[in-house]
Amino acid sequence: VHGRVVLTKSEGKPALDVNAYLDHANIGNLGDYWPESVMSDNILAWLRRGLVGGRLERGRFQIHGDMDNWPFRDGNGRFEAVAEISGVEVDYFAGWPRAFNTDATARFVGAGMEIEGAINDLSGISVNDVRVTIDDMKSPLLDIRYSTQSELPALLGFLQNSPLQEKIGVDLSQFRFTGPAATTGRITVPLGDRAGELEVDGSVRLQGGQFTYPQYDIQLDDITGNLAYSERGFSGPGLDTEFRGQPAVMDLSADSDSSEKFRADIEGHFDVREIMPEFLLEDFRMLNKVSGSSDWRVSMVVADRQGSDTKDVALGISSRLLGVTMELPAPFNKSAGMEWPFRLDFPLGETDRPLDVIFENRAALRFDMTGPEKTMRRALLQLGGELAELPQPGRLRLAGTGSLLDLDGWVSVVVDEMEQG
C-alpha cells in the first residue's frame, strides 16, 4: 500500500484528503475493512460471506471532504475506490450455484457500488457480460444484470443445481437439450434491514435447439424462439419447431407455484402414424387400422399427485380427426370426411391411472395398464354417458347405450390385443 493522507482540523470530525494505491491483496482478507457506517448489517454480512476468495490485482482509494458529511450523498465531498479483481468466487445467494473465477472491475462511489466483468464458471456456464450494482449501501438492493452465449445443456445444468429443480420437482436429467442459446437476465436481492427473497427475470433466445425424451421416443428439432424465466420457472409460448419432420408450434412452461409443474404442448398437421408414439403403435395393434392426417395437439404434463410427494406424468393427444380413417368395429368405424373430437390420455411412469381413449359424445375405451409389465389387465368399452367402473382383472366390460355395436368385432380386437401382450 502506498499513497498520501492529509487531515485538516474542523469543528466536528476532521476533513480528509486521502489518495492510496494497493498493488495486490486477497479478497477473503478484506472483511474487516468495509466501511460499516455506510452499510447496513445485511450488506456487510453479504460482502463478508459472499466474496469467498480471489485476488485484488490493483486498486485506488480516494476520500476528499469533511467527514461530518460522510458518505457525501449530497455531493459535498468525494469517496471513490476502484479495484481490478480476478479469480473471485462469489456466493451471491444461499442455495444458488456459486460464481467461480470472476474477473471484473469494482467501483465504490459515495454510498454505491458497481462491478462490471465476466464470470468464467457459473455451474458450467461462461457469462461474458455481468454488471452488479448497489445504489445505496444503507438501503441496498443487489442488482445483477447479465448476458451471454451458451449451450442448452449448460443452462439445464444450472437449473438442476438451483433451488428451482426442487421447487418444480421434475427430474430434468430425463430430458436431453442440445443447441445454442443467447441468455440475458436480471437478478435482484434486497439486502436492507429486512432482507428479501431473490428474484429472477430473464430470457433465453433458442436458436435451432433440440429436445429429446429418449424413454418415449419423443424428439423436437430446430426449436426457435424466446423462453422467459424467473425464480419460479420458465415459459416459452409460440416456439417454432419440427416434429416428425413436420413444422409445428410448441408452448413450454414450468411453474413451481402451479399444480402443473411442467407442461409442453405441440400443435401441427401430422399423419396419424407420426403423431402416435412408437410404443403405443407397438402395444396396440388396432392402431394399425387407423390412417390419414389431421391437425393434432400433443401434450406432456408433469403435475402434483394428490396426497403424495411423487408426480404424475401424462401424455395427451387430441384432434378432431378430420382426414383420418378408422377401420375398426362399430361404433369406431369412421371415414376421412367425418369430424370426431378425440382425446387420448396416457399415463407415463409409475401410476395407477388408466389409459383413456375418448371420442366426445360417442364412445370411450379405458384400459388398465398398471401391471408389472405394463400390459392390459382389464378394459372398458363405454357407449355414451359417464365412464363406468373397470371390471375385475382379466375381463372386458361393455356399458352405456348406442345405436350400433359390433360386439363380435370388439371381442376379437380385445382378445387379439391380449394374446399379443
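Predicted model: local features only at pLDDT ≥ 70, side-chain atom pairs only at ≥ 80, totals over all residues.
Who is the partner of D304? Its side chain meets that of K261 in a salt bridge, 3.7 Å from N to O. D304 sits in strand β17, residues 290-304, and K261 in strand β16, so the pair ties together parts that are 43 residues apart in sequence. Is K261 buried or exposed? K261 counts as buried, because its relative accessibility is 8% and the cut-off for buried is under 20%.

S256 is in the loop between β15, residues 246-255, and β16. At 11% relative accessibility, that serine counts as buried.

On to the other charged pairs. How many salt bridges does a search of the whole structure find? The count is 25. One of them joins R186 and D143, at 2.6 Å from N to O. This pair links distant parts of the chain: R186 is in strand β11, residues 180-190, D143 is in strand β9, and 43 residues separate them. R186 counts as partly exposed, at 32% relative accessibility. D143 is buried, at 7%.

Next, R366 and D356. Their closest N and O atoms are 2.6 Å apart in a salt bridge. R366 belongs to strand β23, residues 363-368, and D356 to strand β22, so here the parts tied together are ten residues apart in sequence. D356 counts as buried, with 8% relative accessibility. There is also a network: E260, R263, D265, E267 and R297 are joined by salt bridges that share partners.

Now the aromatics. The whole structure holds nine aromatic pairs. Take F243 and F270. Their ring centres are 5.5 Å apart and their planes stand at 85 degrees, so this pair is edge-to-face. F243 lies in strand β14, residues 233-243, and F270 in β16, residues 260-271; the pair therefore ties together parts 27 residues apart in sequence. F243 counts as buried at 3% relative accessibility, and F270 does too at 1%. Elsewhere, one aromatic cluster takes in W296, F332, W340, F342 and F359.

β21, residues 342-348, and β22, residues 355-359, pair antiparallel over four bridges. Six residues lie between the strands of this hairpin, where G349 takes a positive phi near 75 degrees. β21 also runs antiparallel to strand β18, residues 311-319, and seven bridges join them. There, A314 stands opposite P347 of β21. How enclosed is β21? Five of its seven residues are buried, so the rest of the structure largely encloses it.

Finally, the core. The largest nonpolar core has 118 residues, and Y92, W296 and F367 have the most contacts inside it. Strand β5, residues 78-90, gives the largest share, six residues. Y92 touches W46, among others including L122, I144 and F158.

W46 takes us to helix α1, residues 41-50. Its buried residues are I43, L44, W46, L47 and G50. They span an arc of only 160 degrees around the axis, which puts them on the same side of α1. They pack against β4, β5, β8 and β9. And β9 is the strand that holds D143, the salt-bridge partner of R186.

Conventions. Residues numbered from 1 in each chain as written. Heavy atoms only, no water. Phe/Tyr/Trp six-rings, centres within 6.5 Å; stacked < 30°, edge-to-face > 60°. Helix = DSSP H or I, 4+ residues; strand = E, 2+ residues; numbered from the N terminus. Buried < 20%, exposed > 50% of the residue type's maximum accessible area, 1.4 Å probe, protein only. Core = buried A, V, L, I, M, F, W, Y, C linked by side-chain atoms within 4.5 Å. Contact = heavy atoms within 4.5 Å. Arc of directions from axis to C-beta. Pairing = 2+ DSSP bridges. Salt bridge = Lys/Arg side-chain N within 4 Å of Asp/Glu carboxyl O. Lists of a residue's contacts leave out its neighbours within four places in sequence.
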